[in-house]
Amino acid sequence: MAEKRERRAPGQGPRIGRRGLLVGGGLAVVGAGVGFRDEWSRLWWRAPGVSRPRVAGEVDFTGARWVAASAANWRRADRPDDFRIDRVVVHVTQGGFDSAVRAFQDPGHGAAAHYVVRKDGHVTQMIRELDVAYHAGNRDYNQRSVGIEHEGWVDRPSSFTGPMYAASARLAARICVRYDIPPDREHVIGHVEVPGATHTDPGPHWDWERYVPLVRAEVERLESAPTAPPSSPAARAAE
C-alpha cells in the first residue's frame with residue numbers, strides 16, 4: 001500500500017520557479033486572455049513557497065471527523081485540476097479502527113487512505129480529497145482515486161456490518177457525484193484490483209452485490225434532489 005514520495009509527479013511537469021512563473025506569465029497574458037487566467041490559478045500554488053489555501057480541520061464529507069494523517073503518507077495536489085479523479089478504491093484495514101488511524105498518523109508507515117469507516121458507520125477523514133494519498137500501491141491510481149478504508153479483516157464476514165455498508169455507500173456516492181464517477185464496478189474497485197497490487201482486500205467476504213447498488217441508489221437520490229450540485233461550495237456547505 002505504500003508509495004515512495006516523489007519530488008515531481010508524472011504529468012505535473014517541471015517545478016516552476018516563482019520568477020519564471022511571473023516573467024513567463026507576463027509574456028503569455030498578452031495573447032492568452034481568459035485561458036491564461038485559468039491556467040494561472042492552477043499553476044500559482046506550485047511556485048516555491050506558495051501553498052494552496054487550506055482550512056484546518058475542513059472535511060469533504062459532512063459528518064466525518066477530521067484526524068490528520070502524517071504528511072509523509074500523502075502529498076499536496078490540486079485535484080481534480082491537476083489529476084482527474086475517476087476511481088473509488090475500497091480497502092480493509094486488517095485490524096481495528098484505532099490501529100488504522102494510528103498507522104496513518106505514523107510517518108514511518110508509508111501509506112494512508114483519505115477515509116476510514118468504522119463498524120458502526122462512523123467516518124474519519126485523514127487526507128483531503130484534493131490531495132494524493134498513498135493508499136493503492138500504484139502511483140497512477142493514487143493520483144486518480146479516493147481511498148476508503150474499512151475496519152475489519154478480510155477473512156471475517158462479521159467485519160462488514162450494515163451500518164458500515166450504508167455509511168461507506170453514502171460516502172462513495174458523494175465522491176462519485178462530486179467528480180462525475182460512474183457508480184459501477186469498473187470505477188468503484190477493490191484494492192486487489194489495482195494493477196500491480198500485492199494486497200487482497202477487501203477480500204471474498206466484501207459484498208459487492210450489496211454495496212454497489214447502495215452506492216448507485218444514493219447517487220440517484222443526490223442527482224434527483226432539488227439542490228445545488230454536490231461539487232459546488234454551496235452544496236458542500238449544505239450536506
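Let's start with a side-chain pair. The side chain of Asp131 makes a polar contact with the side chain of Arg54, at 2.6 Å. A polar contact is a pair of N or O atoms within 3.5 Å; within protein, one must be able to donate a hydrogen and the other to accept it, and residues adjacent in sequence count only if both atoms are side-chain atoms.

A word on the source. This is a predicted model, where local features need pLDDT of at least 70, side-chain atom pairs count only at pLDDT 80 or more, and totals for chains, interfaces and linings use all residues. Residues are numbered from 1 along each chain as its sequence is written, and side-chain values use heavy atoms, with hydrogens and water left out.

Back to Asp131. Where is Asp131 found? Asp131 sits in the loop between strand E5 (123-125) and strand E6 (132-133). Helices (H or I, at least four residues) and strands (E, at least two) are DSSP runs, numbered from the N terminus. Is Asp131 buried or exposed? Asp131 has a relative accessible area of 1%, so it counts as buried. Buried means under 20% relative accessible area, exposed means over 50%, and partly exposed is in between (1.4 Å probe, protein chains only). Now its neighbours. Leaving out residues up to four places away in sequence, Asp131 touches Arg54, Trp74, Arg75, Arg76, Ala77, Arg79 and His114. Contact here means heavy atoms within 4.5 Å.

Next, Ala112. Ala112 is in the loop between H3 and strand E4 (115-117). Its relative accessible area is 0%, so Ala112 is buried. Ala112 and Ala133 are 21 residues apart in sequence. In space, their C-alpha atoms are 6.0 Å apart. Residues up to four places away aside, Ala112 touches Ala69, Asn73, Phe104, Ile127, Ala133, Tyr134 and His135.

Now the whole chain. How many helices and strands are there in the protein chain? There are 7 helices and 8 strands. Buried residues make up 50% of the 239 residues. Take the contacts between residues at least 6 apart in sequence: 76% of them join residues at least 24 apart.

Arg84 is in the loop between E2 and E3. With a relative accessible area of 59%, Arg84 is exposed. Arg84 and Arg144 are 60 residues apart along the chain, and their C-alpha atoms are separated by 5.7 Å. Which residues does Arg84 touch, not counting residues up to four places away in sequence? Gln143 and Arg144.

On to the backbone. Most residues other than glycine have a negative phi, and most peptide bonds are trans. Here are some exceptions. The peptide bond from Arg79 to Pro80 is cis, with omega near 0 degrees. Pro80 is in the loop between strand E2 (74-75) and strand E3 (87-92). Asp201 and Pro202 are also joined by a cis peptide bond, with omega about 10 degrees. Pro202 is in the loop between strand E8 (188-190) and H6.

Then phi. Gln94 is not a glycine, yet its phi is positive, about 60 degrees. Gln94 lies in the loop between E3 and helix H3 (97-105). At 44% relative accessibility, Gln94 is partly exposed. Asp180 also has a positive phi, near 60 degrees. Asp180 lies in the loop between H5 and E8. Its relative accessible area is 64%, so Asp180 is exposed.

Last topic: two helices. Two packed helices are described by the angle between their axes and the distance between the axes. The axes of helix H5 (residues 162-179) and helix H6 (residues 208-224) come within 8 Å and cross at roughly 50 degrees. That makes H5 oblique to H6. Axes are lines fitted to C-alpha atoms, for helices over the stretch in contact, and angles run from 0 to 180 degrees between N-to-C directions. Angles under 35 degrees count as roughly parallel, over 145 as roughly antiparallel, 65 to 115 as roughly perpendicular, and the rest as oblique.

Which residues meet? In H5 they include Gly162, Tyr165 and Ser168, and in H6 they include Arg210, Tyr211 and Leu214. The residues of this contact divide into 11 nonpolar, 2 polar and 6 charged. Ala, Val, Leu, Ile, Met, Phe, Trp, Tyr, Cys and Pro count as nonpolar, Asp, Glu, Lys and Arg as charged, and the others, Gly among them, as polar.
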